[in-house]
Amino acid sequence: MSRIETLLSKMTLREKLGQLNMVASGYAVTGPLLGGDSPDAIRSGDIGNLLNMVGVDHVNEVQRIAVEESRLGIPLLLGFDVIHGHKTAFPVPLAEAAMFDRAAWARTARIAAVEAWNDGLALTFAPMIDVSRDLRWGRIVESAGEDSWLNAEMAIAKVKGFQGSDLSAIGSIAATAKHFCAYGAPVAGREYASVDVSDRALHEIYLPPFEAAVKAGVAAIMPAFNSLAGMPMTAHEPLLKGWLRDKLGFDGVIISDYNAVAELMNHGVAGSLAEAAALSLRAGVDIDMVSNAYRKHLPEALSAGLITMAEIDASVRRVLALKERLGLFDQPYRRGTAPLAAMAGNIDHHEVARDAARKSCVLLTNYNDALPLTRTERIALIGPLADAQADMRGPWGGASVAEDSITLRTSLGKVATVVAQAEGVKINSDDMSGIATAVEAARVADTVVLCLGETAPMSGEAASRAHPELPGKQRELAEAILALGKKVVVVLFAGRPLTLPWLFHNASAVLMAWWPGEQAGPAIGDLLMGQESPSGRLPVSWPDAVGQAPLYYEQYPTGRPFNPNDHYTSKYIDAPNAPAFPFGHGLTYGAFALSGLTVSKTVFGPDDTIEVSATVTNTGKRTAQETVFLFTHDLVASLSRPLLELRGFAKISLDPGQSGTVTIALAARDLAFPGRDLQPVLEAGDFEIKLGSSARRSQLLNTRVTLKL
């Protein structure tokens, strides 16, 4: 009999439910804090999993209670939100997506994993792979943006980075793909609101990233808070059990979100905690996070016949199997025992953070080559985010500390001639008394570097915004500075696109820095001064007005396409259809021309892979990196197909005057889509192959190929 079956045969109902119970925890001078329980709850087997306890000494203290003082000696599973770094704060996920760099995505996850492992942790609640197309939603900052394929690619990279090839290996932690499913499409972009998308959108947009994560071997999945077409995801048996477990064969652990089991009562689908617990367990949720509904109310549900012991045992098996895969039974105190540097390949975590921050920044505008700056320019550094140390980490700082973050104010003077500094205004204030001082500071400079945006808590969970503009009196500050007529370079910090057409039209240049992490100042300084050329590309379409939301490039055709000369066509009467900046947009200090689009086959079969190639030439004056995107369009199909679908990307670095070739593989099977019965179908016909530097259709190279079955 296996270890797991032997344990199951010995466990009481109370001990089984303890393995399905996750409790919020912390630590004080008096010892561990366990969500209202004492350590005796670990001894009795009532607690099998903890979240938010950090530090190997603290972790080993509670682990020792479980292993050495409980009846069965089952180790604890300890998890933490390792979202975009642990001790080292990397750029927020939306910013990381802007890198369009699979190796970099995996590298930052690997470093985060080894730092978390060294802190005693075994599980992270990441990656978040919710496709998000609405800038109003605060958690867009944690996503990879609007494209399903891109979210899937990032899911694969992050799962591999966190977990490695062996969960029991030094430096590996279990990843949790979240939030299953369609959490990124709440009504009106409002956090926790209901979601109602079509079955087609569900299968074509929101489910594929989770399928990719499962195929990559993700250890755990977390259902979303929201309801989907009236069914709360925490109790969504057709998707959790039917699609995820039965169709995909996912045999890992499903962990509820924070208190989500109890909140089934708020959704109106359960009349008691016993009913809520039964609904969730039957749907396939193995671990109840903090609500205590499983621990306290599943016995009642069992007695009432709402669940069976077999269903409880199935969940316990999965939890124990994950603990076994993590090596917790054999070496419960192993975490924190290996040299940190060696675990991540002896690379400097801070240098990786700086490189990631550089690569994630997106140069939105750069009129008259305002950037890069020169060492001889006298610079005034102005704005409330020039020295906002804590904000640089973004809304999920993890175990990092604000004091480790380096601001632009701290670093820019080391590489540039900064002659004046002023805050101007505070973000959360209507006080404009500091604007006059900021204007005077700007007068003595040749160039103003103006640092504007959100505070970090304005993005993230429970941070939806109906007016995603500059908060406070920052616009008044910016307009006063712009009125001086000087060169004004704006560095924009935020966890989402902000609707600022007036700023984009009037500033000399705008660099979107997102929340770049602990190396914010040095990385941005590298870009402003031309030590590196910006290379980030937008993973979201950037709206011109909030009324365009949700906005995304993957639009379906309409019977009355946009025609500015025909009133009765698809358009706004008070705003453009097009975004301020399209998906994939991002300027560099070079200038690139794309030509010579070729395909290896113009006619191909269902088992073929074709190669799409083009020549890229740097016609500019500086070395830079270009990102080229491959899109397709199925011209005639059994169902209307999007005008553009992303199929791949390639990056190439070129010196001035240099040319090179990019080649992207396209497999015929990638052209399949959910048919009328929502099952994958590959149809013969003609396809447009489009290549370019963004999703702006008018600027894409175009050719046709034919698929024959």
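I start with the core. The largest nonpolar core in this predicted model has 185 residues. Within that core, the residues with the most contacts are Phe180, Tyr206, Ile382 and Leu528. Strand E17, residues 487-493, supplies the largest share, which is 6 residues.

Take Ile382 as an example. If we set aside neighbours within four places in sequence, Ile382 is in contact with Ala422, Ala438, Ala441, Ala442, Val448, Val449, Leu450, Cys451, Leu477 and Ile481. There is also a second, separate core of 22 residues, and Val616, Val628, Ala650 and Val705 are among its members.

Next, a sheet. It is open, with 6 strands in the order E13-E18-E17-E16-E14-E15, and its pairing is mixed. At the edges are strand E13, 362-366, and strand E15, 417-422, each of which pairs on one side only. On average, neighbouring strands in this sheet are turned by 20° against each other, direction ignored. As a reminder, strands of a sheet pair through backbone hydrogen bonds, either parallel or antiparallel. Strand E14, residues 378-382, pairs with E15 in the parallel sense, over 5 bridges. In that pairing, Leu381 stands opposite Gln421 in E15.

Now to helix H13, residues 293-303. Which residues of H13 are buried? They are Ala293, Tyr294, Arg295, Leu298 and Ala301. These residues cover an arc of only 145° around the axis, which puts them on the same side of H13. On the face of H13 turned away from the buried side, we find the exposed residues Lys296 and Ser303. What do the buried residues of H13 pack against? Their partners are helix H2 (13-19), strand E1 (21-24), helix H3 (40-43), helix H12 (273-283) and strand E12 (288-289). Just after H13, Gly305 takes a positive phi of about 80°.

On to a loop residue, Val269, between helix H11 (264-267) and H12. Is Val269 buried or partly exposed? Its relative accessible area is 33%, so Val269 is partly exposed. Not counting residues up to four places away in sequence, Val269 touches Gly230, Pro232, Leu264 and Leu279.

Strand E19, residues 592-599, is joined to E21, residues 609-618, by 6 bridges, and the two run antiparallel. E21 also pairs with strand E24, residues 659-667, in the antiparallel sense, here over 9 bridges. Thr617 takes part in both pairings: this residue of E21 is the bridge partner of Ala593 and stands opposite Ser659 in E24.

Last, the backbone positions to check by eye. Most residues other than glycine have a negative phi, and most peptide bonds are trans. The peptide bond from Lys178 to His179 is cis, with omega near -5°, and His179 is in strand E7, residues 176-180. The bond from Phe180 to Cys181 is cis too, with omega near 10°. Cys181 is in the loop between E7 and helix H8 (199-206).

Two residues other than glycine have a positive phi here. For Val290, phi is near 65°. Val290 lies in the loop between E12 and H13, and with 19% relative accessibility this residue counts as buried. For Leu678, phi is near 70°, and its place is the loop between strand E25 (673-674) and strand E26 (680-681).

Key: Residues are numbered from 1 along each chain as its sequence is written. This is a predicted model: local features need pLDDT of at least 70, side-chain atom pairs count only at pLDDT 80 or more; totals for chains, interfaces and linings use all residues. Side-chain values use heavy atoms; hydrogens and water are left out. A nonpolar core is a set of buried Ala, Val, Leu, Ile, Met, Phe, Trp, Tyr and Cys residues joined through side-chain atoms within 4.5 Å. Buried means under 20% relative accessible area, exposed over 50%, partly exposed in between (1.4 Å probe, protein chains only). Helices (H or I, at least four residues) and strands (E, at least two) are DSSP runs, numbered from the N terminus. Contact means heavy atoms within 4.5 Å. Two strands pair if DSSP finds at least two bridges between them. Axes are lines fitted to C-alpha atoms, for helices over the stretch in contact, and angles run from 0 to 180 degrees between N-to-C directions. The arc is that of the directions from the helix axis to the C-beta atoms.
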